[in-house]
Amino acid sequence: MTKPSLPDLLHAAVTAVGGTERPGQVAMAEAVARAVDENSHLLVQAGTGTGKSLGYLVPALAHGERVVVATATLALQRQLVERDLPRTVEALHPQLRRRPEFAMLKGRSNYLCLHRLHEGVPQDEEDGLFDPFEQATPTSKLGKDLLRLRDWADETETGDRDALTPGVSDRAWGQVSVSSRECLGASKCAYGAECFAEAARERAKLADVVVTNHALLAIDAIEGAPILPQHEVLIIDEAHELVSRVTGVATGELTPGQVNRAVRRAARLVDEKAADQLQTASETFERLMELALPGRLEEIPEELGYCLMALRDAARTVITALASTRDKSVQDEDAVRKQALASVENVHAVAERIANGSEYDVVWYERHDRFGASLRVAPLSVSGLLREKLFEDRSVVLTSATLKLGGDFNGVGASLGLAPEGTEAEDAPPWKGLDVGSPFDYGKQGILYVAKHLAQPGREGNRQDMLDELAELVEAAGGRTLGLFSSMRGAQAAAEELRGRLDMPVLLQGEDTLGELIRAFSEDARTCLFGTLSLWQGVDVPGPNCQLVVMDRVPFPRPDDPLMSARQKAVEEAGGNGFMAVAATHAALLMAQGAGRLVRATGDRGVVAVLDPRVERARYGSFLRKSMPDFWYTTDRNQVRRSLAAIDAAAKAAEK
């Protein structure tokens with residue numbers, strides 16, 4: 001039987017999802033097929049509207065080996081499993097003569113735990129378990145959520161939290177889920193045979209395509225205990241998010257509340273001496289944290305070092321005691337013991353890591369108005385980890401709409417542990433970069449405007465000239481504005497100013513759920529939506545209701561961000577340009593993502609306005625501009641107002 005051609009397969013798949021083939025999608029599919037066949041690595045930038053999901057799914061399914069697809073967002077995971085994969089598998093079946101199986105796999109805490117649901121939650125303060133359904137009043141928000149969860153447990157097939165709509169609070173979900181450390185294990189659990197998490201793992205073992213998230217991929221790589229089934233091809237979508245997600249998984253934290261919780265959970269299960277040792281270390285840690293000032297600890301202060309060693313040693317004593325003692329008087333002892341062990345093991349691991357003081361870790365104090373002080377530790381870089389764990393024994397394809405920063409892939413490649421493209425390095429795998437472009441004509445559909453006449457933004461102070469400029473632009477656009485701010489304080493100040501000056505609705509992130517805000521923004525042309533980080537990457541509003549995207553300033557990391565400043569310093573000490581490698585690359589990635597909110601469909605028109613003159617005046621300005629879509633560029637404020645007014649008039653005429 002002749003092997004079906006890739007163009008025929010792609011055509012069948014695109015037709016099945018109701019789309020049209022695009023040159024970029026074809027080029028991407030061919031490059032992915034080559035990389036998979038040659039067992040090599042590929043970075044692909046595919047602009048919005050390219051159809052990149054099918055660009056990698058079709059060649060991966062045609063290859064016939066097991067594929068893992070890792071994404072950053074729930075929305076894309078759902079799109080793959082509920083829409084793209086079912087239709088693609090059906091469309092390819094006549095030519096492939098087989099129907100590839102697919103499955104979704106997440107971390108254990110994403111699945112309903114039947115043991116927790118039926119037996120209750122181990123209680124911290126006293127023996128036994130408590131039933132959250134009895135503790136919560138039926139009329140409270142928590143009570144209503146828990147009753148819904150109990151009903152849902154009888155009808156759900158997957159137990160996946162994300163399949164529950166509408167969702168429930170984190171507090172409610174915490175009553176019916178467990179982390180992998182708290183899980184009893186299928187063989188010891190009375191509900192092991194019905195376990196949703198175990199069933200998801202079994203489905204993944206049998207599937208040809210496993211869809212997961214960046215966090216689980218990171219845990220699989222870091223912890224060395226394989227969660228994902230063996231696979232020959234790894235595709236990482238939304239790859240611009242990978243480094244921050246892996247950093248998040250590799251970050252440890254200690255707080256007084258967390259240590260106290262571990263003490264309470266273990267105290268009734270171990271002898272008094274072991275419990276007292278952990279209690280004493282916990283009290284010392286709490287006293288030190290009351291005095292902690294936010295910032296990086298380049299060296300661990302002597303007193304903190306002694307305290308961490310005391311915590312580590314006390315936790316180790318308790319872990320040993322938990323493994324060797326039994327107490328039949330404790331109700332559902334295995335579950336109580338497992339939860340205590342998980343809490344104490346975490347305290348031990350983080351205390352030991354910080355006390356050991358690796359040169360590859362960054363340690364800092366953080367202080368939160370609501371939660372108090374915490375001690376955190378994160379890797380200085382995850383590039384070595386990614387190089388070692390990600391690119392061995394499989395073909396890796398990384399794709400996103402924003403991988404090419406400043407005109408090439410090398411900045412993102414370096415963050416992944418890759419040498420510059422085309423260079424030979426003994427410990428770095430070779431790779432290729434490909435930009436397949438976009439189906440949009442950015443030069444005709446959008447304008448990039450930089451307000452070079454404004455004063456350079458300082459660290460503090462009211463930017464009245466920026467607020468005046470913003471009000472004039474929003475008025476010219478007739479609303480239709482997505483405001484992307486580098487701080488919540490900046491977003492609040494702008495919302496307050498414009499609500500006082502303009503007769504149009506201004507929505508502010510935090511005043512309602514993000515989903516509700518985006519829905520309201522997309523339904524009313526006169527509405528503006530202002531916010532911070534999640535809006536830079538999470539808004540998809542095609543059409544005339546988003547025709548002006550404003551960035552208040554270049555979104556550099558805060559100068560006092562301990563991890564970013566440590567990474568910048570490390571690059572400089574190694575002879576590199578720390579500012580460009582860390583701060584400018586961080587800003588370029590966010591600006592590329594932010595500018596990508598403007599043109600989401602072939603008929604979209606509009607302006608991206610950057611109210612920070614440094615994008616025009618500073619040496620790094622051209623690097624930032626090259627990272628964004630290739631819009632028509634201007635610094636002429638009058639031209640932009642005329643263009644916005646014309647776009648607004650055309651949209652109003654079309655609405656009539």
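Visitor: Which helix gives the most to the lining of the second largest cavity?

Guide: That is H10, with 4 residues. Keep in mind that this is a predicted model. Rolling a probe the size of a water molecule over the atoms shows where empty space is left. Here the second largest cavity holds about 30 Å³ of space. Its lining consists of His-214, Leu-217, Ala-218, Ala-221, Leu-242, Val-246, Leu-386 and Leu-390. At least two lining residues come from each of helix H10 (214-223), helix H11 (242-249) and helix H16 (383-390).

Visitor: How many residues of each class are in that lining?

Guide: Sorted by class, there are 7 nonpolar residues, 1 polar and no charged ones.

Visitor: How many cavities of 30 Å³ or more does the structure hold?

Guide: There are 2. In the largest cavity, the space comes to about 260 Å³. Of its 22 lining residues, those closest to the centre are Cys-113, His-115, Val-178, Cys-183 and Leu-184. Helix H5 (114-119), helix H9 (196-206) and helix H15 (333-356) supply at least two lining residues each. This lining has 15 nonpolar, 3 polar and 4 charged residues.

Visitor: Now an open site. Which residues lie closest to the centre of the second largest pocket?

Guide: Start with the volume: this pocket holds about 450 Å³ of space. Its lining has 16 residues, and Trp-364, Glu-366, Arg-367, His-368 and Arg-558 are the closest to the centre. Two strands, E10 (361-368) and E11 (372-379), are the elements that give two or more residues to this lining. The largest share, 5 residues, is from E10. By class, the pocket lining splits into 5 nonpolar, 5 polar and 6 charged residues.

Visitor: On to helices. What span should helix H20 have, given its 14 residues?

Guide: H20 covers residues 488-501, and at 1.5 Å a residue it should span 20 Å.

Visitor: Which residues of H20 are buried?

Guide: First the general idea. An α-helix has 3.6 residues a turn, so residues three or four places apart point the same way. In H20, the buried residues are Gly-490, Ala-491, Ala-494, Ala-495 and Leu-498. Viewed down the helix axis, they fall within an arc of 130°, so they line one face of H20. The face turned away from the buried side carries the exposed residues Arg-489, Glu-496 and Gly-500.

Visitor: What covers the buried residues of H20?

Guide: The cover includes helix H19 (464-477), strand E16 (506-508) and strand E17 (528-531). H19 also has 14 residues, and its first and last C-alpha atoms are 20 Å apart, close to the 20 Å expected. Its buried residues are Met-466, Leu-467, Glu-469, Leu-470, Ala-471, Leu-473, Val-474, Ala-476 and Ala-477. After H19 comes Gly-478, with a positive phi near 70°.

Visitor: What separates the C-alpha atoms of Val-640 and Ala-153?

Guide: Those atoms are 55 Å apart, and the two residues are 487 residues apart along the chain.

Note on methods
Residues are numbered from 1 along each chain as its sequence is written. This is a predicted model: local features need pLDDT of at least 70, side-chain atom pairs count only at pLDDT 80 or more; totals for chains, interfaces and linings use all residues. Side-chain values use heavy atoms; hydrogens and water are left out. The expected span of a helix is 1.5 Å times one less than its number of residues. Buried means under 20% relative accessible area, exposed over 50%, partly exposed in between (1.4 Å probe, protein chains only). The arc is that of the directions from the helix axis to the C-beta atoms. Contact means heavy atoms within 4.5 Å. On a 1 Å grid over the protein atoms alone, a cavity is a set of points where a 1.4 Å probe fits but cannot get out, and a pocket is an open set with protein on both sides within 12 Å along at least five of seven lines; lining residues have an atom within 4 Å of a point. Grid points are joined across faces, edges and corners, and a volume is the space filled by probe spheres set on the points. Ala, Val, Leu, Ile, Met, Phe, Trp, Tyr, Cys and Pro count as nonpolar, Asp, Glu, Lys and Arg as charged, and the others, Gly among them, as polar.
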